Amino acid sequence: MLHDPERHEPLAAPAWDEQVARGAIQRIAAGTEAGFLPDTGWPVHPLDGSRPKPVSGFYLGACGIVWALEYLRARGAIKLTGNYRQFTTTLRSKSGEGGSYLFGKTPVLLLRHGLEGDGAHANALAVLIEQTMHHPARELMWGSPGTMLAALFMHRRTGEAPWADLFRRTAHVLWSELQWSEQCKCHFWTQDLHGQRSTYLDAVHGFVATASVLIQGQDVLDDAWPAWAACIAQTVRATAEWEDGLVNWRKQLGSRAGDAKLMQYCHGAPGFVVCLARHPDPVLDELLLAAGEATWQAGPLRKSSNLCHGTAGNGYAFLKLYRRTGNALWLERARAFAMHGLGQVQRALEEHAQWRHGLWTGDIGFAIYLLDCIEAKDRFPSLDVFDPPGGL
């Protein structure tokens with residue numbers, strides 16, 4: 001089977017209501033502001049682990065929360081009662097893991113440069129990108145694909161050529177590190193992280209996460225893009241597993257065919273759709289539509305409403321397909337998942353008596369999904385977009 005039914009639940013969505021969605025964005029933002037601790041940031045929710053104190057990262061922590069609040073404010077969805085920009089000055093010293101895009105210093109510098117325009121932040125960020133270029137993880141969360149994405153965001157923000165050069169150089173290193181699977185007839189990367197070697201295919205640690213960055217920067221890659229486009233399409237098609245007209249992917253190239261598969265952003269078909277939907281080759285259309293249909297038939301994730309492994313992350317696959325095809329069915333499905341997710345947010349709030357803070361695993365990320373459902377936008381926060389129109 002292409003997914004585990006126990007991980008999903010029946011869709012229970014009232015009719016789409018824009019005003020309800022806008023009200024939920026306001027409540028989530030207000031709850032996020034109320035949870036701020038001036039000296040330390042935001043408390044970690046019980047569902048996100050037993051950490052002794054608040055954390056500073058982008059995936060889970062203060063950097064991602066500040067970014068999300070500023071992003072929603074800049075898009076006109078909320079008005080902030082507090083000022084969190086000064087708090088970002090303390091984030092760099094608290095952020096570990098080197099250049100990691102989702103856990104380290106890279107997003108802090110990217111955020112502070114966007115808020116302050118300080119050239120020192122840009123210089124420090126360029127150094128981090130250089131230092132991470134040969135990172136053995138070869139995946140977006142910890143390694144060079146993440147810093148390559150930061151270089152692309154800086155190029156879009158400033159228009160300066162050195163950022164494009166950093167992007168191309170990192171891509172060249174990643175090309176040199178590709179391996180070939182004779183069994184699967186495709187290229188792949190081996191991720192070496194914390195002493196463990198993997199061959200992930202997924203939308204956070206794996207092949208398509210890196211592919212998404214390359215797809216976004218195809219104009220920067222110039223003559224190198226056609227080879228990348230063919231490589232990406234070949235691997236995605238070679239590793240797809242079909243069943244009754246639907247498709248999903250295993251976690252790793254080395255997983256056995258028929259192994260249990262997840263159907264969430266970070267592992268499975270929804271993440272493949274999100275990462276690949278802007279690949280210009282129509283040869284992927286059938287595959288992406290089948291993956292989107294598999295996501296819909298599986299139903300919302302029982303786990304939570306969040307971006308990484310929840311209802312919002314899966315819903316972004318529908319927003320992507322709406323943009324790619326123009327078929328309003330996909331927008332309707334995205335909005336149905338949004339209304340279902342509102343119920344999940346409310347139930348979790350009642351159960352734990354606190355909001356879940358964090359960009360990728362928390363309520364503020366879901367609020368961005370609600371806004372994109374309202375405006376029919378498909379830009380997955382922090383991966384497809386960093387600066388809103390007009391800047392932070």
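Which residues in H5 meet which residues in H6? In this predicted model, where residues are numbered from 1 along each chain as its sequence is written, local features need pLDDT of at least 70 and side-chain atom pairs count only at pLDDT 80 or more, whereas totals for chains, interfaces and linings use all residues. Side-chain values use heavy atoms, with hydrogens and water left out.

Ala 122, Leu 125, Leu 128, Ile 129 and Thr 132 of H5 meet Ser 144, Thr 147, Ala 151 and Met 154 of H6, where contact means heavy atoms within 4.5 Å, and where helices (H or I, at least four residues) and strands (E, at least two) are DSSP runs numbered from the N terminus. By class, this contact of H5 with H6 holds six nonpolar, three polar and no charged residues; Ala, Val, Leu, Ile, Met, Phe, Trp, Tyr, Cys and Pro count as nonpolar, Asp, Glu, Lys and Arg as charged, and the others, Gly among them, as polar. Two packed helices are described by the angle between their axes and the distance between the axes. For H5 and H6 the angle is about 145° and the axes are 9 Å apart, the axes being lines fitted to C-alpha atoms, for helices over the stretch in contact, with angles that run from 0 to 180 degrees between N-to-C directions.

The axes of H6 and helix H7 (residues 161-176) come within 8 Å and cross at roughly 155°. H6 is therefore roughly antiparallel to H7, since angles under 35 degrees count as roughly parallel, over 145 as roughly antiparallel, 65 to 115 as roughly perpendicular and the rest as oblique. The crossing of H6 past H7 is left-handed. Among the residues that make the contact are Met 148, Leu 152 and His 155 of H6 and Trp 163, Phe 167 and Leu 174 of H7, and the residues of this contact divide into 11 nonpolar, four polar and no charged.

A further packed pair is formed by helix H8 (residues 207-216) and helix H10 (residues 225-239), with an angle of about 150° and axes 11 Å apart, so that H8 and H10 are roughly antiparallel to each other. In this contact, Phe 207, Val 208, Ala 211, Leu 214 and Ile 215 of H8 meet residues of H10 that include Trp 225, Trp 228 and Ile 232; by class there are 10 nonpolar, one polar and no charged residues.

Two residues other than glycine have a positive phi: Arg 138, near 50°, and Asp 244, near 55°. Arg 138 lies in the loop between helix H5 (119-132) and helix H6 (144-158), and counts as buried at 18% relative accessibility, where buried means under 20% relative accessible area, exposed over 50% and partly exposed in between (1.4 Å probe, protein chains only). Asp 244, in the loop between strand S5 (241-243) and strand S6 (246-248), counts as exposed at 75% relative accessibility. Gly 119, which is found in helix H5, is partly exposed, with a relative accessible area of 39%.

Methods:
Left-handed = near helix turned anticlockwise from the far one by under 90°.
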